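I am opening a notebook on a structure that is new to me. I want to set down what I looked up, one topic at a time.

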Amino acid sequence: MLPYNAGMSSTPLSDTLDTDRRALSDRLPQHSRKALGQFMTPANIAQFMASLFRPTRSGIALLDAGAGMGSLLAACVDRLCQSASPVRQLAITAVEIDSLLAGRLRCTLDACSRRCRDTSRELSATLIESDFIDYAWNLAKRHAGVAGELERFDAAILNPPYAKIRADSKHRRQLRDLGIEATNLYSAFLALAILMLRPGGELVAIVPRSFCNGPYFRAFRRQLTSAMSLRRIHIYESRSAAFSDDEVLQENVILHAVKDPHPPAHVVISSSAPASQAAISIREVPWRRVVRPDDPHAFINIPTAEDGHVISDFVLQQPCTLEQLGLLVSTGRVVDFRSREHLRDMPQGRCVPLIYPAHFQQGFVQWPRPGHKKPNAIASNAETRNLLVPNETYVLIRRFTSKEEARRLVACIHDPSRLPGAHRSVGFENHLNYFHAAGRGLPPLLARGLAAWLNSTMVDRHFRQFSGHTQVNATDLRSLRYPQRATLERIADRLGERIDDQAAIDAVVAGQSTPA
(Lines give C-alpha, C1' and ligand atoms only; values in the text may rest on other atoms or scores of the structure.)
Protein backbone atom coordinates (compact mmCIF):
# COMPACT_ATOMS: atom_id res chain seq x y z
CA MET A 1 0.00 0.00 0.00
CA LEU A 2 1.23 3.50 -0.77
CA PRO A 3 1.74 5.78 2.22
CA TYR A 4 -1.04 8.30 2.77
CA ASN A 5 0.11 11.91 2.48
CA ALA A 6 -2.31 13.66 4.78
CA GLY A 7 -1.11 17.19 4.14
CA MET A 8 -2.66 20.28 5.72
CA SER A 9 -6.36 20.29 6.46
CA SER A 10 -6.84 23.15 4.00
CA THR A 11 -5.47 21.09 1.11
CA PRO A 12 -8.26 19.39 -0.86
CA LEU A 13 -8.16 15.64 -0.35
CA SER A 14 -8.69 15.08 -4.07
CA ASP A 15 -5.58 17.13 -4.91
CA THR A 16 -3.52 15.14 -2.41
CA LEU A 17 -4.77 11.92 -3.96
CA ASP A 18 -3.75 12.91 -7.48
CA THR A 19 -0.03 12.30 -6.92
CA ASP A 20 -0.80 8.93 -5.37
CA ARG A 21 -3.16 8.14 -8.27
CA ARG A 22 -0.31 8.39 -10.78
CA ALA A 23 2.03 6.34 -8.62
CA LEU A 24 -0.59 3.69 -7.89
CA SER A 25 -1.54 3.49 -11.56
CA ASP A 26 2.05 2.54 -12.37
CA ARG A 27 1.90 -0.30 -9.81
CA LEU A 28 -1.27 -1.88 -11.17
CA PRO A 29 -0.48 -4.62 -13.70
CA GLN A 30 -1.33 -3.40 -17.21
CA HIS A 31 -3.12 -6.63 -18.14
CA SER A 32 -5.23 -6.42 -14.97
CA ARG A 33 -6.23 -2.80 -15.63
CA LYS A 34 -7.16 -3.65 -19.21
CA ALA A 35 -9.22 -6.67 -18.15
CA LEU A 36 -11.12 -4.65 -15.55
CA GLY A 37 -11.34 -1.51 -17.69
CA GLN A 38 -9.85 0.61 -14.91
CA PHE A 39 -9.15 4.31 -15.48
CA MET A 40 -8.71 6.32 -12.29
CA THR A 41 -10.20 9.80 -12.09
CA PRO A 42 -7.91 12.87 -12.15
CA ALA A 43 -8.54 15.42 -9.41
CA ASN A 44 -9.88 18.17 -11.68
CA ILE A 45 -12.47 15.79 -13.16
CA ALA A 46 -13.48 14.49 -9.73
CA GLN A 47 -13.90 18.03 -8.36
CA PHE A 48 -16.04 19.07 -11.31
CA MET A 49 -18.25 16.00 -10.92
CA ALA A 50 -18.71 16.62 -7.19
CA SER A 51 -19.76 20.21 -7.90
CA LEU A 52 -22.82 19.00 -9.85
CA PHE A 53 -24.67 17.55 -6.85
CA ARG A 54 -27.47 19.65 -5.36
CA PRO A 55 -28.26 17.97 -2.00
CA THR A 56 -31.22 19.30 -0.02
CA ARG A 57 -31.36 16.88 2.94
CA SER A 58 -29.36 17.04 6.17
CA GLY A 59 -28.34 13.41 5.77
CA ILE A 60 -27.55 11.53 2.56
CA ALA A 61 -26.38 8.05 1.63
CA LEU A 62 -23.77 8.12 -1.16
CA LEU A 63 -22.74 5.21 -3.40
CA ASP A 64 -19.48 4.92 -5.34
CA ALA A 65 -19.46 1.73 -7.44
CA GLY A 66 -15.96 0.88 -8.60
CA ALA A 67 -14.53 3.42 -6.16
CA GLY A 68 -10.86 2.86 -7.00
CA MET A 69 -8.68 4.75 -4.54
CA GLY A 70 -11.55 7.09 -3.62
CA SER A 71 -10.85 10.17 -5.74
CA LEU A 72 -14.55 10.83 -6.38
CA LEU A 73 -15.50 10.36 -2.74
CA ALA A 74 -12.68 12.64 -1.61
CA ALA A 75 -13.91 15.32 -4.02
CA CYS A 76 -17.45 14.97 -2.64
CA VAL A 77 -16.21 15.37 0.93
CA ASP A 78 -14.07 18.36 -0.11
CA ARG A 79 -17.11 19.97 -1.68
CA LEU A 80 -19.30 19.23 1.33
CA CYS A 81 -16.82 20.60 3.86
CA GLN A 82 -15.93 23.73 1.88
CA SER A 83 -19.50 24.83 1.19
CA ALA A 84 -22.62 25.86 3.03
CA SER A 85 -24.20 22.50 2.25
CA PRO A 86 -27.15 21.47 4.44
CA VAL A 87 -25.69 17.96 4.73
CA ARG A 88 -24.57 17.17 8.28
CA GLN A 89 -24.49 13.37 8.08
CA LEU A 90 -22.94 11.47 5.18
CA ALA A 91 -23.10 7.69 4.83
CA ILE A 92 -20.73 6.35 2.16
CA THR A 93 -20.84 2.91 0.56
CA ALA A 94 -17.72 2.30 -1.52
CA VAL A 95 -17.50 -0.84 -3.66
CA GLU A 96 -14.12 -1.91 -5.08
CA ILE A 97 -12.94 -5.30 -6.38
CA ASP A 98 -9.19 -4.65 -6.66
CA SER A 99 -7.37 -5.44 -3.39
CA LEU A 100 -4.54 -2.96 -3.99
CA LEU A 101 -6.98 -0.14 -4.69
CA ALA A 102 -9.21 -1.19 -1.78
CA GLY A 103 -6.24 -0.82 0.59
CA ARG A 104 -5.65 2.74 -0.58
CA LEU A 105 -9.40 3.42 -0.54
CA ARG A 106 -9.53 2.53 3.14
CA CYS A 107 -6.95 5.27 3.84
CA THR A 108 -8.99 7.73 1.78
CA LEU A 109 -12.15 6.97 3.75
CA ASP A 110 -10.27 7.50 7.03
CA ALA A 111 -9.05 10.88 5.77
CA CYS A 112 -12.59 11.79 4.67
CA SER A 113 -13.87 10.96 8.15
CA ARG A 114 -11.26 13.23 9.75
CA ARG A 115 -12.08 16.05 7.35
CA CYS A 116 -15.78 15.78 8.20
CA ARG A 117 -15.07 15.83 11.93
CA ASP A 118 -13.00 18.99 11.44
CA THR A 119 -16.10 20.72 10.00
CA SER A 120 -18.58 19.32 12.57
CA ARG A 121 -20.04 16.78 10.19
CA GLU A 122 -20.56 13.09 10.72
CA LEU A 123 -19.38 10.46 8.25
CA SER A 124 -19.92 6.73 8.33
CA ALA A 125 -18.23 4.64 5.64
CA THR A 126 -18.69 1.06 4.49
CA LEU A 127 -16.08 -0.50 2.21
CA ILE A 128 -17.37 -3.45 0.16
CA GLU A 129 -14.44 -5.43 -1.29
CA SER A 130 -16.46 -7.08 -4.02
CA ASP A 131 -17.50 -7.04 -7.62
CA PHE A 132 -20.28 -4.44 -7.86
CA ILE A 133 -22.55 -6.60 -10.00
CA ASP A 134 -22.20 -9.45 -7.47
CA TYR A 135 -22.94 -7.02 -4.64
CA ALA A 136 -26.08 -5.62 -6.26
CA TRP A 137 -27.34 -9.07 -7.33
CA ASN A 138 -26.84 -10.56 -3.85
CA LEU A 139 -28.53 -7.54 -2.27
CA ALA A 140 -31.51 -7.97 -4.57
CA LYS A 141 -31.75 -11.69 -3.81
CA ARG A 142 -31.64 -11.09 -0.05
CA HIS A 143 -34.54 -8.67 -0.31
CA ALA A 144 -36.53 -10.35 -3.06
CA GLY A 145 -40.08 -9.10 -3.13
CA VAL A 146 -39.49 -6.29 -0.63
CA ALA A 147 -40.43 -3.06 -2.38
CA GLY A 148 -37.89 -0.29 -2.10
CA GLU A 149 -35.12 -2.32 -0.43
CA LEU A 150 -32.76 -1.81 -3.34
CA GLU A 151 -33.49 1.94 -3.36
CA ARG A 152 -31.19 2.84 -0.50
CA PHE A 153 -29.04 5.70 -1.82
CA ASP A 154 -29.68 9.43 -2.16
CA ALA A 155 -26.72 9.96 -4.48
CA ALA A 156 -24.36 7.94 -6.64
CA ILE A 157 -21.08 9.05 -8.20
CA LEU A 158 -19.34 6.76 -10.70
CA ASN A 159 -16.36 6.35 -12.94
CA PRO A 160 -17.29 2.80 -13.94
CA PRO A 161 -15.05 0.28 -15.70
CA TYR A 162 -15.26 0.12 -19.50
CA ALA A 163 -14.76 -3.59 -20.25
CA LYS A 164 -17.22 -5.63 -22.32
CA ILE A 165 -19.47 -8.32 -20.82
CA ARG A 166 -19.45 -11.70 -22.51
CA ALA A 167 -22.84 -13.04 -23.57
CA ASP A 168 -22.27 -16.32 -21.70
CA SER A 169 -20.83 -14.78 -18.51
CA LYS A 170 -22.12 -14.90 -14.96
CA HIS A 171 -22.47 -11.11 -15.03
CA ARG A 172 -24.81 -11.29 -18.01
CA ARG A 173 -27.03 -13.84 -16.22
CA GLN A 174 -27.07 -11.79 -13.00
CA LEU A 175 -28.02 -8.62 -14.86
CA ARG A 176 -30.83 -10.37 -16.71
CA ASP A 177 -32.13 -11.60 -13.34
CA LEU A 178 -32.47 -7.93 -12.45
CA GLY A 179 -34.13 -7.01 -15.77
CA ILE A 180 -31.00 -5.35 -17.21
CA GLU A 181 -29.59 -5.97 -20.69
CA ALA A 182 -26.01 -4.71 -20.90
CA THR A 183 -23.05 -5.58 -23.11
CA ASN A 184 -20.55 -3.32 -21.34
CA LEU A 185 -19.63 -2.88 -17.67
CA TYR A 186 -20.11 0.88 -17.68
CA SER A 187 -23.75 0.71 -18.78
CA ALA A 188 -24.34 -2.18 -16.34
CA PHE A 189 -22.93 -0.16 -13.43
CA LEU A 190 -25.08 2.85 -14.31
CA ALA A 191 -28.19 0.71 -14.74
CA LEU A 192 -27.65 -0.86 -11.31
CA ALA A 193 -26.96 2.53 -9.70
CA ILE A 194 -30.24 3.83 -11.13
CA LEU A 195 -32.10 0.88 -9.56
CA MET A 196 -30.41 1.58 -6.21
CA LEU A 197 -31.28 5.29 -6.08
CA ARG A 198 -34.25 6.49 -4.08
CA PRO A 199 -36.83 8.68 -5.86
CA GLY A 200 -35.27 12.11 -6.20
CA GLY A 201 -31.76 10.65 -5.87
CA GLU A 202 -28.93 12.16 -7.91
CA LEU A 203 -26.53 10.39 -10.27
CA VAL A 204 -23.25 11.86 -11.51
CA ALA A 205 -21.09 9.69 -13.75
CA ILE A 206 -18.31 9.96 -16.31
CA VAL A 207 -18.73 7.45 -19.14
CA PRO A 208 -17.84 7.00 -22.80
CA ARG A 209 -20.23 8.77 -25.13
CA SER A 210 -20.80 5.58 -27.13
CA PHE A 211 -24.05 4.81 -25.25
CA CYS A 212 -25.75 7.75 -26.97
CA ASN A 213 -26.43 5.76 -30.14
CA GLY A 214 -26.17 2.29 -31.63
CA PRO A 215 -28.19 -0.89 -31.03
CA TYR A 216 -26.09 -2.28 -28.17
CA PHE A 217 -27.11 0.44 -25.72
CA ARG A 218 -30.76 0.82 -26.73
CA ALA A 219 -32.11 -0.92 -23.60
CA PHE A 220 -29.90 1.20 -21.34
CA ARG A 221 -30.92 4.45 -23.06
CA ARG A 222 -34.57 3.57 -22.55
CA GLN A 223 -33.99 2.86 -18.85
CA LEU A 224 -32.00 6.07 -18.42
CA THR A 225 -34.51 8.33 -20.17
CA SER A 226 -37.59 6.73 -18.59
CA ALA A 227 -36.35 6.54 -14.99
CA MET A 228 -34.07 9.57 -14.84
CA SER A 229 -34.44 13.26 -15.52
CA LEU A 230 -31.27 14.36 -17.31
CA ARG A 231 -30.20 17.73 -15.93
CA ARG A 232 -26.73 18.22 -17.40
CA ILE A 233 -24.39 16.68 -19.97
CA HIS A 234 -20.78 17.83 -20.15
CA ILE A 235 -18.67 16.80 -23.12
CA TYR A 236 -14.92 17.03 -23.59
CA GLU A 237 -13.97 18.35 -27.02
CA SER A 238 -10.70 16.40 -27.02
CA ARG A 239 -11.00 12.61 -27.14
CA SER A 240 -8.08 12.28 -24.71
CA ALA A 241 -8.85 15.18 -22.38
CA ALA A 242 -10.48 13.31 -19.49
CA PHE A 243 -7.98 10.48 -19.05
CA SER A 244 -4.85 11.75 -20.83
CA ASP A 245 -2.54 9.87 -18.43
CA ASP A 246 -4.17 6.57 -19.36
CA GLU A 247 -4.27 7.05 -23.14
CA VAL A 248 -8.04 6.69 -23.27
CA LEU A 249 -9.15 7.77 -26.74
CA GLN A 250 -12.90 7.40 -26.31
CA GLU A 251 -14.92 10.58 -26.14
CA ASN A 252 -16.19 11.00 -22.58
CA VAL A 253 -19.22 12.75 -21.14
CA ILE A 254 -20.26 13.57 -17.61
CA LEU A 255 -23.94 13.07 -16.78
CA HIS A 256 -25.96 14.60 -13.98
CA ALA A 257 -29.44 13.15 -13.61
CA VAL A 258 -32.17 12.93 -10.98
CA LYS A 259 -34.36 9.87 -10.40
CA ASP A 260 -37.60 11.31 -11.66
CA PRO A 261 -39.61 9.91 -14.61
CA HIS A 262 -40.74 13.40 -15.64
CA PRO A 263 -38.30 14.99 -18.09
CA PRO A 264 -37.11 18.54 -17.45
CA ALA A 265 -37.99 21.40 -19.76
CA HIS A 266 -34.30 21.96 -20.56
CA VAL A 267 -30.99 20.14 -20.29
CA VAL A 268 -27.78 22.05 -19.61
CA ILE A 269 -25.20 21.16 -22.26
CA SER A 270 -21.64 22.21 -21.49
CA SER A 271 -18.33 21.54 -23.14
CA SER A 272 -14.66 22.23 -22.66
CA ALA A 273 -11.32 21.56 -24.25
CA PRO A 274 -8.75 19.74 -22.06
CA ALA A 275 -10.31 20.24 -18.66
CA SER A 276 -7.28 21.63 -16.88
CA GLN A 277 -6.85 24.67 -19.11
CA ALA A 278 -10.04 25.73 -20.84
CA ALA A 279 -13.15 27.64 -19.90
CA ILE A 280 -16.44 25.79 -19.98
CA SER A 281 -19.14 26.89 -22.42
CA ILE A 282 -22.70 26.37 -21.19
CA ARG A 283 -26.09 26.51 -22.88
CA GLU A 284 -29.61 25.28 -22.22
CA VAL A 285 -31.23 22.98 -24.77
CA PRO A 286 -34.89 21.90 -24.78
CA TRP A 287 -35.29 18.30 -23.60
CA ARG A 288 -37.06 17.29 -26.82
CA ARG A 289 -33.93 18.19 -28.80
CA VAL A 290 -31.76 15.95 -26.61
CA VAL A 291 -34.14 12.96 -26.48
CA ARG A 292 -36.62 13.19 -29.32
CA PRO A 293 -40.02 11.77 -28.33
CA ASP A 294 -40.60 10.13 -31.71
CA ASP A 295 -37.22 8.38 -31.89
CA PRO A 296 -37.70 4.60 -31.49
CA HIS A 297 -33.98 4.18 -30.80
CA ALA A 298 -33.96 6.77 -27.96
CA PHE A 299 -30.74 8.31 -29.29
CA ILE A 300 -29.28 11.01 -27.04
CA ASN A 301 -28.29 14.11 -29.01
CA ILE A 302 -25.71 16.52 -27.64
CA PRO A 303 -25.80 19.78 -29.62
CA THR A 304 -22.84 21.78 -28.35
CA ALA A 305 -22.83 24.53 -31.00
CA GLU A 306 -25.31 27.38 -30.96
CA ASP A 307 -26.65 26.32 -34.35
CA GLY A 308 -26.78 22.63 -33.42
CA HIS A 309 -30.57 22.57 -33.21
CA VAL A 310 -30.86 24.32 -36.58
CA ILE A 311 -28.67 21.66 -38.19
CA SER A 312 -30.58 18.80 -36.60
CA ASP A 313 -33.95 20.31 -37.48
CA PHE A 314 -32.81 20.61 -41.10
CA VAL A 315 -31.92 16.91 -41.24
CA LEU A 316 -34.77 15.57 -39.11
CA GLN A 317 -37.42 17.48 -41.08
CA GLN A 318 -36.47 15.78 -44.32
CA PRO A 319 -39.49 13.87 -45.62
CA CYS A 320 -38.15 10.32 -46.10
CA THR A 321 -36.79 7.40 -44.19
CA LEU A 322 -34.47 5.03 -46.00
CA GLU A 323 -37.33 2.53 -46.20
CA GLN A 324 -39.57 5.13 -47.84
CA LEU A 325 -36.88 5.64 -50.47
CA GLY A 326 -37.01 1.90 -51.15
CA LEU A 327 -33.40 1.49 -50.01
CA LEU A 328 -31.53 -0.61 -47.50
CA VAL A 329 -28.13 -0.36 -45.86
CA SER A 330 -26.02 -3.36 -44.88
CA THR A 331 -22.56 -4.09 -43.58
CA GLY A 332 -20.03 -5.52 -46.03
CA ARG A 333 -20.19 -9.30 -46.02
CA VAL A 334 -16.49 -10.13 -46.45
CA VAL A 335 -14.68 -10.49 -43.12
CA ASP A 336 -11.17 -10.76 -44.46
CA PHE A 337 -9.54 -12.77 -41.66
CA ARG A 338 -12.26 -15.41 -42.02
CA SER A 339 -11.75 -15.66 -45.78
CA ARG A 340 -7.95 -15.59 -46.03
CA GLU A 341 -7.69 -18.61 -48.34
CA HIS A 342 -9.93 -16.86 -50.89
CA LEU A 343 -8.16 -13.48 -50.94
CA ARG A 344 -5.75 -12.41 -53.67
CA ASP A 345 -3.35 -9.47 -53.76
CA MET A 346 -4.31 -8.83 -57.38
CA PRO A 347 -7.09 -10.25 -59.57
CA GLN A 348 -6.20 -13.53 -61.26
CA GLY A 349 -8.28 -16.35 -62.67
CA ARG A 350 -11.83 -16.58 -61.31
CA CYS A 351 -11.59 -13.53 -59.02
CA VAL A 352 -13.76 -10.47 -58.53
CA PRO A 353 -12.98 -7.05 -57.02
CA LEU A 354 -12.77 -6.80 -53.23
CA ILE A 355 -13.40 -3.24 -52.08
CA TYR A 356 -11.88 -1.74 -48.91
CA PRO A 357 -12.04 1.84 -47.57
CA ALA A 358 -8.53 2.23 -49.04
CA HIS A 359 -10.11 2.15 -52.51
CA PHE A 360 -11.99 5.44 -51.86
CA GLN A 361 -10.58 8.14 -54.13
CA GLN A 362 -12.18 11.54 -54.90
CA GLY A 363 -15.71 10.30 -54.27
CA PHE A 364 -15.44 7.09 -56.32
CA VAL A 365 -13.96 3.63 -55.91
CA GLN A 366 -10.53 3.42 -57.53
CA TRP A 367 -9.65 -0.24 -58.13
CA PRO A 368 -7.28 -2.02 -58.06
CA ARG A 369 -4.51 -0.51 -55.94
CA PRO A 370 -1.31 -2.38 -56.78
CA GLY A 371 1.18 -2.69 -53.95
CA HIS A 372 -1.36 -1.80 -51.27
CA LYS A 373 -1.21 -3.83 -48.05
CA LYS A 374 -4.81 -5.03 -48.46
CA PRO A 375 -5.85 -7.60 -51.06
CA ASN A 376 -7.61 -6.36 -54.18
CA ALA A 377 -9.61 -9.45 -55.09
CA ILE A 378 -11.52 -12.42 -53.76
CA ALA A 379 -11.99 -15.77 -55.49
CA SER A 380 -15.46 -16.35 -56.91
CA ASN A 381 -16.52 -19.89 -56.02
CA ALA A 382 -19.18 -21.85 -54.16
CA GLU A 383 -17.71 -20.94 -50.76
CA THR A 384 -17.70 -17.19 -51.42
CA ARG A 385 -20.94 -16.91 -53.39
CA ASN A 386 -22.95 -15.63 -50.39
CA LEU A 387 -20.29 -12.99 -49.66
CA LEU A 388 -20.65 -11.27 -53.03
CA VAL A 389 -23.22 -8.90 -54.54
CA PRO A 390 -23.98 -8.03 -58.19
CA ASN A 391 -21.37 -5.67 -59.62
CA GLU A 392 -23.66 -2.64 -59.92
CA THR A 393 -23.76 0.91 -58.59
CA TYR A 394 -23.75 1.30 -54.80
CA VAL A 395 -23.10 4.01 -52.25
CA LEU A 396 -20.44 2.90 -49.78
CA ILE A 397 -19.68 4.48 -46.42
CA ARG A 398 -16.75 3.83 -44.14
CA ARG A 399 -17.66 2.16 -40.85
CA PHE A 400 -14.56 3.47 -39.07
CA THR A 401 -12.62 6.72 -39.17
CA SER A 402 -9.53 7.62 -37.18
CA LYS A 403 -9.89 9.91 -34.20
CA GLU A 404 -7.92 12.66 -35.97
CA GLU A 405 -10.24 12.89 -38.99
CA ALA A 406 -12.54 15.87 -39.28
CA ARG A 407 -15.44 13.83 -40.72
CA ARG A 408 -17.34 10.81 -39.42
CA LEU A 409 -19.48 10.21 -42.52
CA VAL A 410 -17.34 9.43 -45.55
CA ALA A 411 -19.36 8.19 -48.53
CA CYS A 412 -18.15 6.97 -51.91
CA ILE A 413 -19.75 5.61 -55.11
CA HIS A 414 -18.96 2.18 -56.46
CA ASP A 415 -19.45 2.64 -60.21
CA PRO A 416 -18.65 -0.60 -62.11
CA SER A 417 -18.02 1.34 -65.31
CA ARG A 418 -14.95 2.91 -63.66
CA LEU A 419 -13.36 -0.47 -62.88
CA PRO A 420 -11.21 -2.30 -65.43
CA GLY A 421 -12.50 -5.63 -66.68
CA ALA A 422 -15.96 -7.13 -66.72
CA HIS A 423 -17.01 -8.66 -63.42
CA ARG A 424 -20.44 -10.03 -62.58
CA SER A 425 -19.93 -9.75 -58.82
CA VAL A 426 -18.09 -7.64 -56.27
CA GLY A 427 -17.17 -8.07 -52.61
CA PHE A 428 -17.45 -5.32 -49.99
CA GLU A 429 -15.21 -5.80 -46.97
CA ASN A 430 -16.70 -5.65 -43.47
CA HIS A 431 -15.25 -2.19 -42.74
CA LEU A 432 -17.82 -0.76 -45.18
CA ASN A 433 -21.57 -0.23 -45.14
CA TYR A 434 -23.30 -0.27 -48.52
CA PHE A 435 -26.64 1.17 -49.65
CA HIS A 436 -28.63 -1.04 -51.99
CA ALA A 437 -32.11 -1.74 -53.33
CA ALA A 438 -33.15 -5.19 -52.09
CA GLY A 439 -29.68 -6.56 -52.78
CA ARG A 440 -29.21 -4.87 -56.14
CA GLY A 441 -27.50 -1.64 -57.13
CA LEU A 442 -28.92 1.90 -57.33
CA PRO A 443 -29.65 4.08 -60.35
CA PRO A 444 -26.45 6.11 -60.92
CA LEU A 445 -28.14 9.51 -60.52
CA LEU A 446 -29.76 8.49 -57.24
CA ALA A 447 -26.44 7.07 -56.00
CA ARG A 448 -24.63 10.34 -56.68
CA GLY A 449 -27.31 12.38 -54.90
CA LEU A 450 -27.34 10.04 -51.90
CA ALA A 451 -23.54 10.16 -51.62
CA ALA A 452 -23.62 13.97 -51.76
CA TRP A 453 -26.27 14.10 -49.01
CA LEU A 454 -24.21 11.83 -46.75
CA ASN A 455 -21.03 13.79 -47.48
CA SER A 456 -22.57 17.17 -46.70
CA THR A 457 -21.29 19.09 -43.68
CA MET A 458 -24.84 19.51 -42.33
CA VAL A 459 -25.48 15.75 -42.15
CA ASP A 460 -22.02 15.06 -40.70
CA ARG A 461 -22.53 17.65 -37.94
CA HIS A 462 -25.98 16.26 -37.17
CA PHE A 463 -24.50 12.76 -36.94
CA ARG A 464 -21.87 13.94 -34.47
CA GLN A 465 -24.58 15.20 -32.11
CA PHE A 466 -25.62 11.65 -31.25
CA SER A 467 -22.44 9.70 -32.08
CA GLY A 468 -19.30 10.19 -30.04
CA HIS A 469 -17.20 7.38 -31.41
CA THR A 470 -15.49 6.60 -34.69
CA GLN A 471 -17.81 3.80 -35.79
CA VAL A 472 -20.75 4.35 -38.15
CA ASN A 473 -23.35 1.63 -37.60
CA ALA A 474 -25.94 0.61 -40.17
CA THR A 475 -28.53 1.39 -37.46
CA ASP A 476 -27.27 4.98 -37.34
CA LEU A 477 -27.69 5.33 -41.10
CA ARG A 478 -31.21 3.88 -40.94
CA SER A 479 -32.11 6.42 -38.27
CA LEU A 480 -31.24 9.39 -40.51
CA ARG A 481 -33.84 11.29 -42.52
CA TYR A 482 -33.37 11.75 -46.25
CA PRO A 483 -34.72 14.05 -48.99
CA GLN A 484 -37.16 12.67 -51.51
CA ARG A 485 -35.74 10.63 -54.39
CA ALA A 486 -36.42 13.43 -56.88
CA THR A 487 -34.54 15.87 -54.64
CA LEU A 488 -31.54 13.56 -54.38
CA GLU A 489 -31.50 13.19 -58.15
CA ARG A 490 -31.72 16.97 -58.55
CA ILE A 491 -28.73 17.36 -56.17
CA ALA A 492 -26.75 14.93 -58.33
CA ASP A 493 -27.77 16.70 -61.51
CA ARG A 494 -26.67 20.09 -60.18
CA LEU A 495 -23.36 18.77 -58.84
CA GLY A 496 -22.35 17.04 -62.03
CA GLU A 497 -18.78 15.78 -61.68
CA ARG A 498 -17.99 17.87 -58.58
CA ILE A 499 -18.58 14.86 -56.35
CA ASP A 500 -15.50 15.58 -54.17
CA ASP A 501 -15.96 19.37 -53.98
CA GLN A 502 -17.08 20.01 -50.38
CA ALA A 503 -18.09 23.62 -50.92
CA ALA A 504 -20.18 22.67 -53.95
CA ILE A 505 -21.80 19.75 -52.10
CA ASP A 506 -22.75 21.95 -49.15
CA ALA A 507 -24.14 24.72 -51.34
CA VAL A 508 -26.24 22.37 -53.48
CA VAL A 509 -27.52 20.31 -50.52
CA ALA A 510 -28.51 23.44 -48.59
CA GLY A 511 -30.27 24.88 -51.62
CA GLN A 512 -32.01 21.77 -52.93
CA SER A 513 -32.93 19.63 -49.94
CA THR A 514 -35.16 22.06 -48.05
CA PRO A 515 -38.11 20.04 -46.73
CA ALA A 516 -41.29 20.39 -48.74
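**Entry 1, the whole chain.** I began by noting that I am reading a predicted model. I counted the secondary structure and found 16 helices and 20 strands in the protein. I then looked up burial, and buried residues make up 55% of the 516 residues. For contacts between residues at least 6 apart in sequence, I noted that 77% join residues at least 24 apart.

I traced an open sheet whose nine strands follow the order 3-2-1-4-5-7-6-8-9, with mixed pairing. I asked myself which strands stand at the edges. They are strand 3 (122-128) and strand 9 (281-286), and each has a single partner strand, so one side of each is left without a neighbour in the sheet. From one strand to the next, the twist averages 15 degrees. Inside this sheet I followed strand 5 (residues 197-208) and strand 7 (residues 252-259), which pair in the antiparallel sense over seven bridges. In that pairing I found Val 207 opposite Val 253 of strand 7.

Helix 4 (residues 71-82) does, touching strand 1 (59-65), strand 2 (89-95), strand 3 and strand 4 (153-158), and its direction makes about 170 degrees with that of strand 2. Helix 8 (residues 185-196) also packs on the sheet, where it touches strand 1, strand 4, strand 5, strand 6 (228-236) and strand 7, and its direction makes about 165 degrees with that of strand 5.

I found an open sheet of five strands in the order 11-15-12-19-16, with mixed pairing. Here strand 11 (343-344) and strand 16 (388-390) stand at the edges, and because each has a single partner strand, one side of each is left without a neighbour in the sheet. Strand 16 runs antiparallel to strand 19 (residues 425-428), and three bridges join them. One residue I checked there was Pro 390, whose bridge partner in strand 19 is Ser 425. I then turned to strand 12 (residues 351-355), which pairs with strand 19 in the parallel sense over two bridges, and I noted that Leu 354 stands opposite Gly 427 in strand 19.

How do helix 15 and helix 16 cross, and at roughly what angle? The axes of helix 15 (residues 485-495) and helix 16 (residues 502-512) come within 10 Å and cross at roughly 140 degrees, and the crossing is right-handed. From helix 15 I listed Thr 487, Arg 490, Ile 491, Arg 494 and Leu 495, which meet Ala 504, Ile 505, Val 508, Val 509 and Gln 512 in helix 16. I sorted the residues of this contact into six nonpolar, two polar and two charged.

I counted nine aromatic pairs. One of them is Tyr 162 with Tyr 186, an edge-to-face pair at 6.1 Å centre to centre, with 65 degrees between the planes. This pair links distant parts of the chain, 24 residues apart, with Tyr 162 in the loop between strand 4 and helix 7 (170-177) and Tyr 186 in helix 8.

Elsewhere in my list, Phe 132, Tyr 135 and Phe 189 form one aromatic cluster.

Is Asn 473 buried or exposed? The relative accessible area of Asn 473 is 12%, and the cut-off for buried is under 20%, so Asn 473 is buried. Leaving out residues up to four places away in sequence, I found that Asn 473 touches Asn 213, Gly 214, Pro 215 and Asn 433.

Methods:
Residues are numbered from 1 along each chain as its sequence is written. This is a predicted model: local features need pLDDT of at least 70, side-chain atom pairs count only at pLDDT 80 or more; totals for chains, interfaces and linings use all residues. Side-chain values use heavy atoms; hydrogens and water are left out. Two strands pair if DSSP finds at least two bridges between them. Helices (H or I, at least four residues) and strands (E, at least two) are DSSP runs, numbered from the N terminus. Axes are lines fitted to C-alpha atoms, for helices over the stretch in contact, and angles run from 0 to 180 degrees between N-to-C directions. Contact means heavy atoms within 4.5 Å. A crossing is left-handed if the near helix is turned anticlockwise from the far one by less than a right angle, and right-handed if clockwise. Ala, Val, Leu, Ile, Met, Phe, Trp, Tyr, Cys and Pro count as nonpolar, Asp, Glu, Lys and Arg as charged, and the others, Gly among them, as polar. Rings of Phe, Tyr and Trp (its six-membered ring) pair if their centres lie within 6.5 Å; planes under 30 degrees apart count as stacked, over 60 as edge-to-face and the rest as tilted. Buried means under 20% relative accessible area, exposed over 50%, partly exposed in between (1.4 Å probe, protein chains only).
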